[in-house]
Amino acid sequence: MTIVLAWSVIGSSFTPVFDKERETFGSHIITRKSRSLACCARRKTVSCLSHSLHKASSAKVDWKNLGFGFMPTNCFVYATYQNGFWSELETSKETSIRIPIAATVLHYGQAAFEGLKAFACKDGSIRIFRPDKNAERLQLSASRIMMPLVPKEMFLDAVVRAVQENCEYVPPYGSGGSLYIRPFLFGSGARVGLGPSDEYTFIVFVVPVGDYYKGGLAPVTAIVTEDYDRAAPLGVGNVKVGGNYAADLLPYMKSKERGYPVNLYLDPVERKYIEEFGTSNFIAIGNKRTSFITPNSKSILKSITNQSLMQLAEEELGLQVEYRKVAIDEVSHFDEVAACGTAVVITPVGRIVYQDEVISIGNNPDQVGPVSKQLYELMRSIQFGQIPDKRHWMYKVV
Ligand code: PLP
Ligand code: COI
């Protein structure tokens, strides 16, 4: 996201500029273009109805080589909160926004986000995976950092509209990609003394994505971060606020520089129990592949992918789900380890570096384990509509 601050240089001082293309100077993003976009929504929805591999998408995207990066799409959806009320949802074609230089998001980190995905399904429909859960989690995050709640219906309307408006960017069925949906909420009102903002902005943008880590189901090597903590025991680790990711940047980049694409955090008190990876939850298969094991801690983010996998592991694969404290010392006994989350889906972890020792997982750390593979395939088949959606997880958009 580029934040355009409307200042122009006159001599050596900065002067605020009112941009006539836009209707306000403050935290609003209302543009003339956005009005006409809303009018096209219905036409776009109709053109999306036959979305499939057989009907070439009109978006010029190299579907086979999608990574996890930003690209402009048709528009984003947004609403603003002022005087205790949310505005109507609007759309904007811009890829930048204007906010006051004293907005609380810029100084005090009043920001939370979500990540979810829409899929082009086998029957030609487009469906979103469990958006109601993301709506609930954004509310949890918002209340923790004193932001107003985005009503669940409004959240759902916004993500549906963002997908409908951009449906030609949903990677076609069979390409393996998906449309990543990024809703976020932040304090956009000016304040200098510490306190919550009076104004907020909620935005949903979308971007087509492929694998988060190159190589799909090829196992990665993770490293335990020992010189930094991700979260404090009663801090904000359990909510999806921007500061958690800022805190992870340095440890993550240090790990990457050492050749490890994933970093694993331990509990900040005893440095004994596994918390989670920087951008995903930790899962393990153990007890001769009869158990699905995942850490239970107050300072980790409750992954919707993980909650879903726990259910699939128990109900579809007959595994015993162990949702408990998991000691780092147990890792060498596990048959399989993986990272799970919306972006990473299920990424197998073949080796974990801990205190300069390389711990190999299972008997073949270079290959995805059979249970992780089964879970991955189950999940993907539900998401792409290849098997019945017994639990009604998929939310039909088109
Ligand atoms: N943990 C962290 C820190 C994350 O950033 C994410 C990604 O959203 C997850 C876990 C996985 O959560 P979910 O499965 O809901 O995407
Ligand atoms: C997601 O999986 O949606 C995430 O939020 C990960 C993101 C930090 C890249």
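Strand β4 is joined to strand β5 (residues 85-86) by 2 bridges, and the two strands run antiparallel; helices (H or I, at least four residues) and strands (E, at least two) are DSSP runs, numbered from the N terminus, and two strands are taken to pair if DSSP finds at least two bridges between them. The model is predicted, so that local features need pLDDT of at least 70 and side-chain atom pairs count only at pLDDT 80 or more, whereas totals for chains, interfaces and linings use all residues. Residues are numbered from 1 along each chain as its sequence is written, while chains are lettered from A and ligands numbered from 1 in the order in which they are written.

Strand β4 is mostly covered, 6 of its 7 residues being buried, where a buried residue has 20 or more other C-beta atoms within 10 Å of its own, the C-beta atoms being placed from the backbone.

Helix α3 (residues 131-144) has 14 residues and reaches 20 Å from its first C-alpha to its last, close to the 20 Å expected at 1.5 Å a residue, the expected span being 1.5 Å times one less than the number of residues. In α3 the buried residues are P131, N134, A135, R137, L138, Q139, S141 and A142. The helix is followed by M146, whose phi is positive, near 60 degrees.

The shell around ligand 1 consists of G115, E276, T279, S280, N281, L301, S303, I304, T305, N306, G341 and T342, a residue being counted as near if its C-beta atom, placed from the backbone, lies within 6 Å. Helix α6 (residues 304-315) contributes the largest share of this shell, 3 residues. By residue class, the shell around ligand 1 divides into 2 nonpolar, 9 polar and 1 charged, with Ala, Val, Leu, Ile, Met, Phe, Trp, Tyr, Cys and Pro counted as nonpolar, Asp, Glu, Lys and Arg as charged, and the others, Gly among them, as polar. Around ligand 2 lie G115, Y245, T279, G341, T342 and A343, a shell of 2 nonpolar, 4 polar and no charged residues.

Key. Buried ≥ 20, exposed ≤ 12 C-beta atoms within 10 Å, placed from the backbone.
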